[in-house]
Amino acid sequence: MNHYTLHVLTPAAPHEIHVPRNNHQSLADILRHHGLPLNVRCGQRGLCEGCLLELHKGSIQHLRREETLDAATPLEIRGCDYRPLSDLTLHVPQRSLVSYTPQILDGYAIRIPYARDPLSHTPLGLAIDIGTTTVAVMLVDLTTAKVLTRGTAFNAQMHFGDDVVTRISLCMQDPAMLRRLQESIIDSTLTPLIDDALKRAERTGDDIGAITVAGNTTMLHILAGVDPSPLGVSPFTPRFTEYRILPAQPLFGKGRSKLPNALLHLLPSATAYIGADIVAGLVSTGMAYESTTALLVDIGTNGEIVLRKDDQLLGCATAAGPAFEGARLSSGMRAGDGTITAIRLTPHAPNHHLEWIGQANRRHPTGLCGSAYIDFLAEGRRTGLLSTTGRFLRDTEHDSHWQLNGSSAAYCVALGQGKRPIVVTDCDVASLLSAKAAIAAGITLLLEHAHIQPADVQHLYLAGGFGTHMNAANAIAIGLLPGFTKKQIIPVGNTSLAGAYLALTDQSLLLDMSKCARQVSTLELNLLPTFQDTYIDALSLP
């Protein structure tokens, strides 16, 4: 035969894939082309463990080192590293797939009054939030301002890398990557969402006149087909930050919707790393108008923080990385079916108290998401499992939960399907503390720059899915929100989508957003002489 047969076992169903013998693609590429995309979070550079597979049978070859492996016993490999050399039997664990049902926040709290003055006099409009990891879309009746249908999905750009820095780097290395990334967001993500929203509302794209889009500065550059490379090198100068209008049809021409009458309204950004998503949040929460001292904290793939004091808006961005979304962690997952979302450690008992998505349907847990990791750090300190430096403290109380993870020990939180251990390792804790320290240092330095204390902040608005679902008391306990109390914290949901909705239904708020964007000044954390010490101090657990 002139092809290899891949027998692929997934939690949902088995699959049989035929691959030409002369195919030199990675297993990750092959699986993606057959509708089984993996978590290739590092852009297929072999730097993370998002695409781990179990090879049960067959021979494979490393793409860069040309070494071959034969499976006599099950082997754990990275899907991006190898290509097939024979028929294969592969097992794809749930946490390595991005085809599970995502849990994406499309709810929000609007804390300002707004008029009914739509951006278009057509019957329908779309409000869109483009995140680095996830995308949310709302179809809106512009006559009544009623949301007709909603849709969410992972951003298909994830296949090229987890964070904006990786995607910017890809564009710097290969100009053709800009088009591929643009196609991923438009053709593979937005178009299916829009088509589905219209179908469920029994409407057509002809009725859509305006589409408002909020997102970080990099996402808006890629959507518009503008090279984001300058955002990757000092002085990090965007090609544009101002409110921009584009015809939608040249971009959205392949779907059912067609959108012949729609204009694409890209909301204004403030700086390279304080994007339209944050500006939208400043308006939708009311921070743009408040006289009180307030803080907006959006913890996602990146961390953005804006402080309002008097009439000033001071912002910073932190390189927290995607750890709080489970990236590069032993059992990490983005929130989705089977993901553990909350933990309470019970050392003396055989099982911990856990909550996970799909628990009511008797689904097995498959991994841990960011909110669960916050709980684990706080509970680890509470029970004596973790030291202040984040090191595991081995004792008899926790003995039944230790597992061997390669050559080192790991703490078993739960057993998943097939008794597979869901673990947290020393390296996982170190990555989480690094992400925590970046956010905490940003908050601390913003407050110090304004000569205020946490107690002086009336409201701390927590934006985004992670901020909405995490246990605020545990976030305070581990020093992620240093010096704050639960009374100060107000979860506000997807403020980026809220801002897109407001701009769509009350066009006067576009002027407020543009004004607000111009008011934001940026604190460059890496240029502050105290940044390194503040960051190092924040690495510990209180």
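This is a predicted model: local features need pLDDT of at least 70, side-chain atom pairs count only at pLDDT 80 or more; totals for chains, interfaces and linings use all residues.
Student: Okay, what makes Asp 311 buried or exposed?

Tutor: Asp 311 has a relative accessible area of 65%. The cut-off for exposed is over 50%, so Asp 311 counts as exposed.

Student: And Arg 308, is that buried or exposed, and how do you know?

Tutor: Arg 308 has 6% relative accessibility. Buried means under 20%, so Arg 308 is buried.

Student: Why are Arg 308 and Asp 311 called a salt bridge?

Tutor: Their closest N and O atoms are 3.9 Å apart. The rule asks for a side-chain nitrogen of Arg or Lys within 4 Å of a carboxyl oxygen of Asp or Glu, so this pair makes it. Elsewhere, salt bridges with shared partners link Arg 64, Arg 78 and Asp 81 into one network.

Student: How many salt bridges are there in the whole structure?

Tutor: The search finds eleven. One of them joins Arg 64 to Asp 81, with the closest N and O atoms 2.2 Å apart. Arg 64 sits in the loop between β4 and β5, and Asp 81 in the loop between β6 and β7, so the bridge ties together parts 17 residues apart in sequence.

Student: What do the accessibility values make of Arg 64 and Asp 81?

Tutor: Arg 64 comes out at 47%, so we call it partly exposed. Asp 81, at 7%, falls under the 20% limit, so it is buried.

Student: Where does Arg 244 lie relative to Phe 240?

Tutor: Arg 244 lies over the face of Phe 240, at 4.0 Å from the ring centre. Arg 244 also forms a salt bridge with Glu 242, and there the closest N and O atoms are 3.6 Å apart.

Student: Now for rings. What makes Phe 392 and Tyr 411 a stacked pair?

Tutor: The two ring centres are 6.4 Å apart, with 20 degrees between the planes. A pair needs centres within 6.5 Å, and stacked needs planes under 30 degrees apart, so Phe 392 and Tyr 411 qualify on both counts. Phe 392 is in the loop between α6 and β21 and Tyr 411 is in strand β22, so this pair ties together parts 19 residues apart in sequence. Another stacked pair is Phe 531 with Tyr 535, at 6.1 Å centre to centre and 25 degrees between the planes.

Student: Where do Phe 531 and Tyr 535 lie?

Tutor: They both lie in helix α12, four residues apart, which is about one turn of the helix. Tyr 535 is buried, with a relative accessible area of 18%.

Definitions and conventions: Residues are numbered from 1 along each chain as its sequence is written. Side-chain values use heavy atoms; hydrogens and water are left out. Helices (H or I, at least four residues) and strands (E, at least two) are DSSP runs, numbered from the N terminus. Buried means under 20% relative accessible area, exposed over 50%, partly exposed in between (1.4 Å probe, protein chains only). Rings of Phe, Tyr and Trp (its six-membered ring) pair if their centres lie within 6.5 Å; planes under 30 degrees apart count as stacked, over 60 as edge-to-face and the rest as tilted. A charge sits over a ring if NZ of Lys or CZ of Arg is within 6 Å of the ring centre and within 35 degrees of the ring normal.
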